Amino acid sequence: MQGRFWRFVAAAVLVNVAVAAPAEQQIKPVVEQVGEEVRFITCPIYRDTDAGRKSGCWLGDRRETGTRFDITGSPTKPDWNHAVLVEGRVVEGDTQQCGGVLLEPVRVSVLHDQNCTRHMLPAEGFTGRRFSLPTRNIRPLYEPRELPKPPYQEKSFDIPFDFGRDYIVYQLSDYYIDKAVKYAIDIDASRVEITGYAATTPTTVSGQTLREPAELALRRAEVAREWLRRMGYPLDRVKIRAQTKAKVSDMEGADGLTEPSRRRVTLRVIP
Amino acid sequence: MQGVVVRALLTVMVVTMALAMPAYARDWWGAGEGRVFPAVADFPNEHGTLRVLLQDGPLDTRGHPFFEPLGPHGRACVTCHQPADAMSLSLASIRQQWQTAGARDPLFAPIDGANCPDLPHGERDSHSLLLDHGLFRIARPWPPRDHAGKAIKPDFDVDVIHDPTGCNLSPRWGLPSDDPHVSVYRRPRPVANLKYVLAMGFAIDGKRGLPLPLDPDTGKPVSGNLMADSRVLTLKAQMHDAARSHLGFFERLTPAQIERINDFEMRVFTAQQQNRLGDSLDAGGAEGGPAKLADSEPGRLGSQGIGVWSEFAPWERADDSSVTPERRALRESIARGARSFRERTFLIADSRGVNSPMGFGNPMRDRCALCHNMSQMGMDVAPGQVDLGTTTQPFADQQPHLPLFRITCKGEPHPHYGRVIHTHDPGYALTTGRCADVGRITLQSLRGLAARAPYFVNGTASTLREVVEYYDRRYSIGYTEQEIEDLVNLMSAL
């Protein structure tokens, strides 16, 4: 019901814009549907809700439609000084927590080369969302850990990345790469093959052409190799390669989002 | 009869001496004194009493390499890690030593106890940073070298904008020299509770997006929490570094010396034991004081286990009728401060190591315990290189007595400061050579604070209140007077 309300509001705004704007600047009205995957670039807005630690809200206006989205759920949160690439799926959810149409799952990539004027809204009656520990988190060393039991299987692990970055995203990518490296060490894998991918095929988002640089594929693979080295896996058993024009994958870490699934590293762990 | 007279005279002498001495005369431990380090030692300070515990009993320090002078300056490790000062060194002790022993005391050795070694030794002005701010000179090679000694190509340039000590532009000691160094000025860190400092709670450094750093000697991971700028990663490396840079001891410490120092350092625990009213901090159900530290497991994350400073939670309702109202009020204040530390949120912005690159967002709403997250210690369980702004403009308080450097990033700009940065101490960037690390300083233990003012890496907070007030300004927190008082009372009880 609330989702429909927001779509109605968005549509009304768009119609008004379309009427007011000159014909050549008219924006084709696009109103998002529940389940639709959206991708846009915008300047983020911080709403200063306070329901305890990490409870502030992040909003992003999709300028093409005028819809204000709640993008708080992204593992990477925005930096209010920079534009963000937002990729997410529209769901019906509680818009009263932050004041935007909910995207879930959602990924935010900070575009450091595009500056924004920082903007903060007061809570304005929105409650914010109480923090709960993401399910994808690395457990402390002092907690007991179950080791894999033989016979060991060959396994592939996909590590997701933000757009344009080789940083291992906290409480998302680290969860997957930690699993991969520990598996390789636990089973004393004979070989690990790392393939780094970059989404080098150009796409147009919010009027901008986006493409990842080709060298990013190798940099991502090298980060994975460094994880193996630091955690004690012998590097002479590691093979590394890079692949551009990354294709869509079904990796778990992308949560079904299309474009984020291209940005990855795959570790193939061979017993 | 004669005995009575003697006792009376002694009493008069003791009373007279007590009146003549400052309220908290420091028990100075000079190099090579050969005392016995007791299993339990209490030292008064303005906030109450600090206790130092030595696990497994007393230690005869005669011939012990932590206590005996090494090198030409006559210094020992204990010179700058005084038991009465929570195994760090307070400004009060430094001044007392200047008054009682003067410039000839090894503490004021020109190599780092003067603003620059080539200043006239013995003149007060030559030692002003130590005497006025408790700061020692730390000379870092430029460009930096990695932990294995290999040169790093930095992604930023350093220019000296202001050089009040003359050391950074000195042709002998500064950047123009044949052996270029950057001189920064820092407080000594406490050599106590080290099992917490060295503990590894998690296998990763989320601030780098990588697993923990590796000790170049052993290839094993280490906590990354040992030094302000993480320039060395292990106690052994720290011993060699300190022996060279602070003691002037250029021979290698022997394995036996290292083992003895290590053994001692890992046995020392310290914390405030009594508050200013003489109330024990482990009374009434509370678990303050060092005994708990010695017995607890280190490296635990407060948010997933024992809440940070929850050892004072039993005092939230201090209904013990045997306690005076004044003591009860102080207990309640300490407990409120502890809860505030854990729960009072504020907006944290533009702090590298927090707002980037972790993905927490810039800004984010969180609490003191976000970074000070280790149970019972208040350090960061992960390697804690965070930029609070204490050394870097525009957030740093005015520090005209310190050098000011202009950092120009050659690659990507700093995520919060941009391409050109002005800083009194680049911190972690002097180790990594990365512009993005400018201003990041490793969080340290919050234990024994009452005994070791001033605070922050560069001693800019003279009192615990000034610490709270800095945070209040830096993050526009808006603490009430009561909240400030509670936090000060908490910190004075750690």
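**Where chain A meets chain B**

Across the interface of chain A and chain B, 16 residue pairs are in polar contact, both residues of each pair being at pLDDT 80 or more. The model is a predicted one. On the chain A side, β2 (44-48) and α3 (215-230) each supply at least two of the residues that touch chain B. The largest share comes from α3(A), with five residues. Sorted by class, the side of chain A that touches chain B has 17 nonpolar, six polar and 13 charged residues.

Charged side chains also pair across the two chains. The count between chain A and chain B is four salt bridges. In a salt bridge between A:Asp48 and B:Arg365, the side chains meet at 2.8 Å, N to O.

The overall extent of the interface can be given in residues and in area. In chain A, 36 residues are in contact with 37 residues of chain B. Between them the two chains bury about 3,100 Å², and 58% of this is on carbon and sulfur atoms. Within chain A, the residues that lose the most area to chain B are A:Tyr142, A:Tyr167 and A:Arg230, which together make up 24% of what that side buries.

One residue of chain B can be followed separately. B:Glu265 lies in helix α8 of chain B, which covers residues 255-267. B:Glu265 is buried yet has no salt bridge. Its nearest side chain of opposite charge is that of B:Arg267, 12 Å away; a salt bridge would need a nitrogen of Lys or Arg within 4 Å of a carboxyl oxygen. Apart from neighbours within four places in sequence, B:Glu265 is in contact with B:Phe66, B:Val191, B:Leu194, B:Leu235 and B:Met239.

Notes
Residues numbered from 1 in each chain as written. Chains lettered and ligands numbered in written order. Predicted model: local features only at pLDDT ≥ 70, side-chain atom pairs only at ≥ 80, totals over all residues. Heavy atoms only, no water. Helix = DSSP H or I, 4+ residues; strand = E, 2+ residues; numbered from the N terminus. Buried < 20%, exposed > 50% of the residue type's maximum accessible area, 1.4 Å probe, protein only. Lys, Arg positive; Asp, Glu negative; His and termini not counted. Contact = heavy atoms within 4.5 Å. Buried area = accessible area lost by both parts, 1.4 Å probe. Polar contact = N/O pair within 3.5 Å; in protein donor to acceptor, adjacent residues only side chain to side chain. Nonpolar A, V, L, I, M, F, W, Y, C, P; charged D, E, K, R; others polar.
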